[in-house]
Amino acid sequence: MSVAFRLPDIGEGVAEAEVVRWLVAEGEEVEENQPVIEVQTDKAVVELPAPAAGRIASLCWKIGDVVPVGEVLYRLAGQEEEKPDPPPTPGASGGDEKNLREATGAKKRKRVLAAPSTRRLARDLGVDLLQVEGTGVHGRVTDDDVRKAARSNQLLSAGEDGQTGIVDAPSHAREWVEEPLIPTRRKIADRLLFSVTRKPHATHFDELAADGLVEWRKNRLHDPEGPRLTYMAILAKLVAVTLKHHPHFNVHFLEDEQKVRRFSSVSLGIATDTPRGLLVPVIHQVERKSMERIAEELGQLTEWAREGKLLPKHMKGSTFTISNAGALGGSWATPIINPPEVAILAIHPIEQKPVVREGVLTAGWQMNVSLSFDHRVLDGADAIRFTKTLGEYVSDPGRLVKELV
Amino acid sequence: MLTDQRQENLVQYLLPDGTLSGRGMEIWTRLNRETKLRFYREMTLVRMFDRRAILLQRQGRIGTYAPLEGQEATQIGSAMALKEEDWIFPSYREHGVAMIAGMPIANILLYWMGRVEGCKPPEGVRLLPPSVPIATQIPHAVGAAWAAKLRRESSVAVAYFGDGATSEGDFHEACNFAGVFRVPVILFCQNNGYAISVPFSRQSASETVAERAAAYGFPGVRVDGNDVLAVYDVMTEAVKRARSGQGPTLIEAVTYRKGSHTTADDAKRYRPDAEVAEWVQKKDPLKRYIHLLRAEGLLNEAEEKEWEQECKRRIDEAIREAESRPPAPPTHLFAHVYAQLSPNERRQQKQLEQDKGGVG
């Protein structure tokens, strides 16, 4: 006999939570109050402890799944065989509603965004808000949407009466699947929307000669001690040094106060592709850290990012962001700035290309970069100067020695 | 936060390292062995209860819960200075106060399960239901104190509230009334530094809560809320003043909650790690008191273990008892909020009964 552990409402009125990770495996014995699963609501990441000791009979969801409150998260085969189910959530309804839900297959409640006055209008006009597609911000249903829906309802019923008019699509033709955005993706969506609607973006492309960088790294790789120097770690350092020369790129733009806040230290956000979407872990004080140290931190952060272990604090406080497009390929991009920053640098693959060096056609290592900037506070000339400085370091990382103090 | 400047006027007898100040020694010799041990026992019980309640919430066995860990000394120290005849008007975090007042642990859990029994103390216990709306209980306490004064009774009333409540109109109205009518009330503020996520520096332009009492014409005292002896002594003094007709006292107990505002909150998002570590590791109210008891030879490790076992047994029993009750039916919503339902609520009640047959 097993006990079903249902996802409780762990916040106040939380409707769903995302599975961050399982802390146990199927078949594993757990103690009472031992954490079993980590879930993320829109407010917090929390561990859910086992209600009793026993063996984990089955885990019902995968990492990244969004689970509605009340659904079975896992089953626990008890040591005691008396209780069929843990006591239900206070205030939650019992069997009737559960059966109803299962019978109708209505697993997820759809939340409709609409102002109270709009809801009232819908009631007055006999319109079901669930059936209305909202055209307002974030899909909010507006008064116009409701009126439009009311009109088309009228048309439809008129058609039925007069046996003419619009033919409704057959109800079985459901050849699509709708999936709600997971909380992380929703957050990304909001930030990107804010950035592209508020920040006038311009992007500067540049092709940098990277022979020096490739050569220099090759020499460093012979060093058997210390962590492996990745291109990303070296480039993070080079970008930090470049930012020292171009401090107006290392700023936040404060929208409300129309001010820029310039930082003396560089905190680099590293946009990272993970199964949960784009995450941006941050490395602080890059200008003061050795490349080995940066490589080490970067390794740890990207590992955490991929495993879903990054905490909000690991993603806070960046002053400039690098998007590493290199791993996946591509030539150019128009990256979107991570607000409140004012610029973002996309780094593309280091590739051998035909180049003309001192009048001779030859093969050279080249690296493309795309630098998007907030045109309110920076100009194209600034961007050109920035990638030019970066290019000097990329072609000859040995120049870093000159920066030593 | 305790800046040096504010620290000067802070009453503190038991230092964070577990040693007594000069004045602390004096107080210590005046207390009997039973009281000294009780501070420890009650603080331990409520801390263990608190940790367990968070687990119960994560298991879906109780609803949203407001954790108190870190504030044991403010609650146990102050409540132990009261008598049975005194009226208590708590906020939602006062589980320790409720226990001292005589509320069974099972009933405290029932409150967080949404059952009305959680609001009803046993006969003779003058503990009001927790006020979730901020500061509304403060004028109530002043009213109760005024009633006691008019009836020439010797009881006092205490309002418990947080730093956030001191920004509400209710707080100021209550202070003003209490001052003008010199009622036997104690306004007990547990300043844990944050009103949910708003730090005290964004809450108030005055340095402290206590200094506001001066404007209303009664004393304000600032006490180390993590020092159970100081809280107990300051509260005893305030109760004595109130009972002898000298009027109200505002007490600001400076403390810190170890965890989040409620189980629906994530304090990591707004409190610096270093600050939390400072309070949790260096200023823990229970740790420092255990240190003192051990140094004084009043407690050893075996006795501690034994008491913790006893606490666990009591908490387990309370959970069993609370969970043996049927879950709160949604119709309670209509039965216990308004004396008389509005037509709108009557309609909703009817609808609910039709939909669900009236039971959850």
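Guide: Two residues are in contact if their C-beta atoms, placed from the backbone, lie within 7 Å. The model is a predicted one, in which local features need pLDDT of at least 70 and side-chain atom pairs count only at pLDDT 80 or more, while totals for chains, interfaces and linings use all residues. Residues are numbered from 1 along each chain as its sequence is written, with chains lettered from A and ligands numbered from 1 in the order in which they are written.

Visitor: Which residues of α7(B) and α8(B) meet?

Guide: Ile138(B), Pro139(B), Val142(B) and Trp146(B) of α7(B) meet Asp170(B), Phe171(B), Glu173(B), Ala174(B), Phe177(B), Ala178(B) and Phe181(B) of α8(B). By class, the contact of α7(B) with α8(B) holds 9 nonpolar, no polar and 2 charged residues. Here Ala, Val, Leu, Ile, Met, Phe, Trp, Tyr, Cys and Pro count as nonpolar, Asp, Glu, Lys and Arg as charged, and the others, Gly among them, as polar.

Visitor: What makes α7(B) roughly parallel to α8(B)?

Guide: The axes of α7(B) (residues 137-150) and α8(B) (residues 169-181) come within 8 Å and cross at roughly 20°. Angles under 35 degrees count as roughly parallel, over 145 as roughly antiparallel, 65 to 115 as roughly perpendicular and the rest as oblique. α7(B) is therefore roughly parallel to α8(B). Axes are lines fitted to C-alpha atoms, for helices over the stretch in contact, and angles run from 0 to 180 degrees between N-to-C directions.

Visitor: In which hand does α6(B) pass α14(B), left or right?

Guide: The crossing of α6(B) with α14(B) is right-handed. A crossing is left-handed if the near helix is turned anticlockwise from the far one by less than a right angle, and right-handed if clockwise. α7(B), by contrast, passes α8(B) in a left-handed crossing.

Visitor: Why are α6(A) and α8(A) oblique to each other?

Guide: In chain A, α6(A) (residues 231-245) and α8(A) (residues 380-395) pack at an angle of about 135°, with their axes 9 Å apart. The two helices are therefore oblique to each other. Their contact has 7 nonpolar, 3 polar and no charged residues.

Visitor: How do you know that β16(A) and β17(A) pair?

Guide: Two strands pair if DSSP finds at least two bridges between them. β16(A) (residues 343-357) and β17(A) (residues 360-374) share 13 bridges in the antiparallel sense. Ala346(A) stands opposite Ser370(A) in β17(A), and Ala346(A) is also the bridge partner of Ser323(A). β15(A) (residues 320-324) runs parallel to β16(A), joined by 4 bridges. Helices (H or I, at least four residues) and strands (E, at least two) are DSSP runs, numbered from the N terminus.

Visitor: Why are β1 and β3 of chain A said to stand at the edges?

Guide: The open sheet has 4 strands in the order β1-β8-β6-β3, with antiparallel pairing. β1 (2-6) and β3 (29-30) each have a single partner strand, so one side of each is left without a neighbour in the sheet. Within this sheet, β6(A) and β8(A) are joined by 5 bridges, and Leu59(A) stands opposite Tyr74(A) in β8(A).
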